[in-house]
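Student: I would like to learn how to read the features of a protein model. Could we work through one together?

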Amino acid sequence: MTPAMDAARDRVAAAAAVALVGDGMTIGLGTGDTARRFVTALGRRGREESLRVRCVVTSKATEVAARAAGLDVCALPEVASLDLAFDGADEVDPRLDLVKGGGGAQTREKIVAASAARFVVLVDSSKLVDRLGAFPVAVEIVPEAIGLVTRRLDSLGAASRLRYAPGAAGGPWITDLGHHLLDAQFPLIADSATLAAAVDAIPGVVAHGLFVGMASIVLVGELESSAVRSLTRTL
């Protein structure tokens, strides 16, 4: 699978997702390549149809993209509720549980997703897995807790490492909220809800990339047919 093919599949899913947005809605915008393609498509529809939406963003990068697309950006405390939230995912299992956090914005992504009446996830078919765990789980931590959290993650079966900023001279990755990130590589996860609760219970953990029971709809782009499969939570 080439990056160009992945991007084309993402665009298919993004186009289908934009169709869910109605005039006057307040929506959440995720972070990453898939979310950026959705933002571009939403901005285009806004210009062509004079669509009025208010957007809550999950990262500085998404805010820049949203403003460039001509979208109205506001802060989450300024709105009563979100009608929809849209984001990508690194893995999706048959229960529609997710691993997210490749872009390092999972804490704000989780807050926004939980604030929405419906959380819509956009992926290509390569992100569908039988069981979560091939992709590392991002764990956002208070910097002083790195030793404690690493030891506790190890006790849960993870091999964890501190994420560093890109580049030879890059120091530890600093999130938009001022925290550090550990990437925890678990064996394939048999019970994502139990593991999520165990990681949540570690002192110093701010949030993590296991999104359990949160996705309402997963839109899966299929490049070969230019079609989109819609998966809805039933369990």
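Predicted model: local features only at pLDDT ≥ 70, side-chain atom pairs only at ≥ 80, totals over all residues.

Student: Which elements give two or more residues to its lining?

Tutor: Strand 2 (54-57), helix 3 (60-68), strand 3 (72-74) and helix 4 (106-115) do. Helix 4 gives the largest share, with three residues. Among the lining residues are Val56, Val57, Glu63, Arg67, Arg108, Ile111 and Val112.

Student: Now the cavities. How many of 30 Å³ or more does the structure hold?

Tutor: A cavity differs from a pocket in that a probe fits inside but cannot get out. The structure holds one cavity of 30 Å³ or more, and the volume of the largest cavity is about 30 Å³.

Student: What lines the largest cavity?

Tutor: The lining includes Gly28, Leu29, Gly30, Thr58, Asp87, Glu109 and Phe119. At least two lining residues come from each of strand 1 (26-29), strand 4 (82-87) and helix 4. By type, the lining of the largest cavity has six nonpolar, three polar and two charged residues.

Student: Glu109 was in that list. Where does Glu109 lie, and is it buried or exposed?

Tutor: Glu109 lies in helix 4. A residue counts as buried when its relative accessible area is under 20%. Glu109 is buried because its relative accessibility is 5%.

Student: Which side chain does the side chain of Glu109 join in a polar contact?

Tutor: The partner is the side chain of Lys100, at 3.3 Å. Leaving aside residues up to four places away in sequence, Glu109 touches Gly30, Thr31, Thr58, Asp87, Lys100 and Phe211. Gly30, Thr58 and Asp87 also belong to the lining of the largest cavity.

Student: Let us take Asp97 next. Where is Asp97 placed?

Tutor: Asp97 sits in the loop between strand 5 (91-92) and strand 6 (98-99). Its relative accessible area is 3%, so Asp97 is buried.

Student: Which side chain makes a polar contact with the side chain of Asp97?

Tutor: The side chain of Ser192 does, at 3.0 Å. The residues that Asp97 touches, not counting those up to four places away in sequence, include Leu132, Ser192, Phe211 and Arg233.

Student: What should I look for in the backbone angles?

Tutor: Most residues other than glycine have a negative phi. Ser50 has a positive phi, near 55°. Leu96 is not a glycine either, and its phi is positive at about 65°.

Student: Where are Ser50 and Leu96 found?

Tutor: Ser50 is in the loop between helix 2 (33-49) and strand 2, while Leu96 lies in the loop between strand 5 and strand 6. Ser50 counts as exposed, at 55% relative accessibility, whereas Leu96 is buried, with a relative accessible area of 4%.

Student: One last residue. How far apart are Leu195 and Glu140 in sequence and in space?

Tutor: They are 55 residues apart in sequence, and their C-alpha atoms are 15 Å apart in space. Leu195 lies in helix 6 (residues 192-200) and counts as buried at 11% relative accessibility. Beyond residues up to four places away in sequence, Leu195 touches Leu156, Phe186, Ile189 and Leu210.

Note on methods: Residues numbered from 1 in each chain as written. Heavy atoms only, no water. Helix = DSSP H or I, 4+ residues; strand = E, 2+ residues; numbered from the N terminus. Buried < 20%, exposed > 50% of the residue type's maximum accessible area, 1.4 Å probe, protein only. Polar contact = N/O pair within 3.5 Å; in protein donor to acceptor, adjacent residues only side chain to side chain. Contact = heavy atoms within 4.5 Å. 1 Å grid on protein atoms, 1.4 Å probe; cavity = no way out; pocket = protein on both sides within 12 Å on 5 of 7 lines; lining within 4 Å. Points joined across faces, edges and corners; volume = space filled by probe spheres on them. Nonpolar A, V, L, I, M, F, W, Y, C, P; charged D, E, K, R; others polar.
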